[in-house]
Amino acid sequence: MLFGRTTLSKFVIEQTRGQHSEMGALLIDVAAAVKGISALVGKGALSGVAGSAAAINVQGEEQKKIDVLANEAFLRHCEWGGQLAGMASEELEEPFRIPDDYPRGRYLLVFDPLDGSSNSDVNVSVGSIFSILARSTAGAAQKPDFLRPGHEQLAAGYAIYGPATMLVLTVGTGTHGFTLDRESGNFILTHPAIRIPAATREFAINTSNERFWEPPVQRYVGECKAGSSGIRGVDFNMRWIASMVAEVHRILMRGGIFMYPRDNKDPAKPGRLRLLYEANPMAMLVEQAGGAASTGRGRILDVVPDALHQRLPVILGSREEVERLERYHHEYDTGADRPFVSPLFAERSLFRD
Ligand code: F6P
């Protein structure tokens with residue numbers, strides 16, 4: 001069928017008609033930013049923007065020129081429309097103030113403009129992640145306005161710049177995937193109502209950190225690796241792309257579990273991934289597709305943020321495996337996985353933190 005397919009614009013206009021029609025207009029601007037980034041990333045070495053921007057971002061990470069340009073794409077495409085009270089980005093220490101020349105609305109856009117950007121140097125899939133919240137009134141947003149738990153998100157999504165560019169979106173009515181038709185320039189609905197299988201035999205984690213993990217994660221991964229010769233009784237497969245968007249996309253397409261758990265590599269960081277613009281939008285997409293998203297000790301979407309760039313442990317994907325890992329954390333915290341250890345001396349007991 002050449003014409004008549006559902007475009008992203010048609011989908012969001014239909015889904016946000018009424019109370020959130022302004023958010024629909026904002027999502028169309030987000031899609032425009034994504035198309036611009038897709039064109040840039042797709043040029044590879046020919047873009048002339050490979051390499052470092054000779055700056056360090058708020059995360060203490062080296063900023064690449066392409067990170068700076070992707071950030072610009074989001075700001076310029078989304079600042080003008082009058083829907084936003086403010087924006088926050090992985091690349092900016094403080095919230096972005098909507099310029100006074102433009103009207104302001106009540107929505108808040110939070111984004112990671114180019115996640116896993118070091119992969120772009122080696123032509124591996126990268127992505128953009130975004131989340132939309134709302135204030136009760138229009139006006140200039142302040143930092144506390146952004147510090148809302150993920151269950152208050154109105155929309156969330158990511159774009160994956162892979163062999164095909166896709167935009168995967170939820171507005172709270174399931175998770176839906178759109179593929180960019182490079183000839184027409186339209187995102188076309190190709191993956192409606194994505195469902196993550198509840199069971200999986202595929203896990204994703206950076207095992208080079210194994211010695212820094214907590215015991216429940218070591219236990220879980222050890223059992224997966226033991227496969228059919230261990231207590232799970234079946235063989236597992238492992239994947240690690242080091243690009244969260246690509247990892248979550250694979251899980252939405254065929255199931256699996258993704259873990260970037262708490263570790264003690266750097267005691268100042270309770271996890272690697274950021275709550276507001278990585279964990280929360282991915283958690284909403286995964287839950288809307290029937291999966292689960294947890295810190296190991298609670299639902300990600302219920303975490304109340306206390307800082308814009310807060311980090312946390314992330315475990316998400318097929319429901320049965322996420323629940324198993326939550327159980328292992330619980331058994332560890334209560335000492336139930338060590339029946340011969342007095343509960344008084346279990347981790348997180350009376351005598352430990
Ligand atoms: O934003 C962080 C990120 O790039 C994720 O996309 C990815 O999952 C992770 O870091 C990779 O971390 P590591 O380099 O430790 O494998």
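In this predicted model, the axes of helix α5, which covers residues 215-226, and helix α8, which covers residues 319-334, come within 8 Å and cross at roughly 135°. Angles over 145 degrees count as roughly antiparallel and those from 65 to 115 as roughly perpendicular, and α5 and α8 are therefore oblique to each other. The way in which α5 passes α8 is a right-handed crossing.

A second pair of helices can be described in the same terms. Helix α2, made of residues 21-42, and helix α3, made of residues 65-78, have axes that come within 8 Å and cross at roughly 155°. Because an angle over 145 degrees counts as roughly antiparallel, α2 and α3 are described as roughly antiparallel to each other. The crossing of α2 and α3 is right-handed.

| Residue | Part of the residue | Distance to a ligand oxygen atom |
|---|---|---|
| D115 | polar side-chain atom | 2.6 Å |
| M244 | polar backbone atom | 2.8 Å |
| R274 | polar side-chain atom | 3.2 Å |

How much of the area that the ligand exposes when taken alone does the protein bury? Taken alone, the ligand exposes 400 Å², and the protein buries 84% of that.

Definitions and conventions
Residues numbered from 1 in each chain as written. Predicted model: local features only at pLDDT ≥ 70, side-chain atom pairs only at ≥ 80, totals over all residues. Heavy atoms only, no water. Polar contact = N/O pair within 3.5 Å; in protein donor to acceptor, adjacent residues only side chain to side chain. Areas by Shrake-Rupley, 256 points an atom, 1.4 Å probe, with all protein chains shown as cover. Axes fitted to C-alpha atoms, helices over the stretch in contact; angles between N-to-C directions. Helix = DSSP H or I, 4+ residues; strand = E, 2+ residues; numbered from the N terminus. Parallel < 35°, antiparallel > 145°, perpendicular 65-115°, else oblique. Left-handed = near helix turned anticlockwise from the far one by under 90°.
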